[in-house]
Every structure is written in C-alpha cells, then in structure tokens.
Amino acid sequence: MKCSIRVAIQGMKFVPAAITVAAGDTITFTNMDGAPHTATANDGSFDTGRLSRGDSATVTIGSAGTFNYICKIHPSMKGKVTAQ
C-alpha cells in the first residue's frame, strides 16, 4: 500500500530530516518558514521547486535507494530519504 509522508520545512531545517519510505510512496513538503525553500535531491530525482511560506509540493519516490537532498537556496539545509 502506498503511503504519503509529510515533511515540514521550519526553523531553516527539514522536519524530520531523515525518513524511510517504500518505493512509490509520496512525500509532501510544506514550507512553514518566512523564507523560500526547495527540497532538491542531489541526484536530481526530485525537486519541489521554490516554495514560499505556506506552499506545499508533493514528490514521488520512484525507486529504492538513498536520496540525499538540500534546499537549493540554503544548501546548509539537508535531509535524507531512504526508500526500500
């Protein structure tokens, strides 16, 4: 069964920063900060695009693997998705 996981962007970080999902699951990123953010996989497998305060974007994790991601606007913000 496919699941939808939520990740908040708040306090200049991804909450939670590390998640485990199944291949095919979706992740919805919601920006709670005043500053714009992205959630962009280092390998290019997903990218939310620029999210302003209150905006959300959903990405699908298409395959198993480990996907590290950052905010392209604030590269010190990092997260990790592990898909099984």
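This briefing describes the fold, the surface and a few single residues of one protein. The structure is a predicted model, in which local features need pLDDT of at least 70 and side-chain atom pairs count only at pLDDT 80 or more, while totals for chains, interfaces and linings use all residues. Residues are numbered from 1 along each chain as its sequence is written, and side-chain values use heavy atoms, with hydrogens and water left out.

**Overall fold**

- The secondary structure comes to 0 helices and 8 strands, where helices (H or I, at least four residues) and strands (E, at least two) are DSSP runs numbered from the N terminus.
- The radius of gyration of the protein, taken over C-alpha atoms, is 12 Å, close to the 12 Å that the globule rule (2.2 Å times the number of residues to the power 0.38) gives for 84 residues, so the protein is as compact as a globular protein of that length.
- Taken along the principal axes, the box that the C-alpha atoms fill is roughly 35 × 20 × 20 Å.
- Among contacts (heavy atoms within 4.5 Å) between residues at least 6 apart in sequence, 49% join residues at least 24 apart.

**Burial and surface**

- Of the 84 residues, 39% count as buried, a term that means under 20% relative accessible area, with exposed meaning over 50% and partly exposed in between (1.4 Å probe, protein chains only).
- The protein exposes about 4400 Å², of which carbon and sulfur atoms supply 52%, with areas from the Shrake-Rupley method, a 1.4 Å probe and, for residues, only the protein chains shown as cover.

**Thr 28**

- Thr 28 is found in strand S4, which covers residues 26-31, and is buried, with a relative accessible area of 8%.
- The side chains of Thr 28 and Thr 58 are joined by a polar contact of 2.8 Å, that is, a pair of N or O atoms within 3.5 Å; within protein, one must be able to donate a hydrogen and the other to accept it, and residues adjacent in sequence count only if both atoms are side-chain atoms.
- Leaving aside neighbours within four places in sequence, Thr 28 is in contact with Ser 4, Ile 5, Arg 6, Val 7, Ser 56, Ala 57 and Thr 58.

**Backbone details in two loops**

- Most residues other than glycine have a negative phi, and most peptide bonds are trans.
- Met 12, in the loop between strand S1 (4-10) and S2, has a positive phi near 60° and counts as partly exposed at 41% relative accessibility.
- The peptide bond from Val 15 to Pro 16 is cis, with omega near -5°, and Pro 16 lies in the loop between strand S2 (13-15) and strand S3 (18-21).
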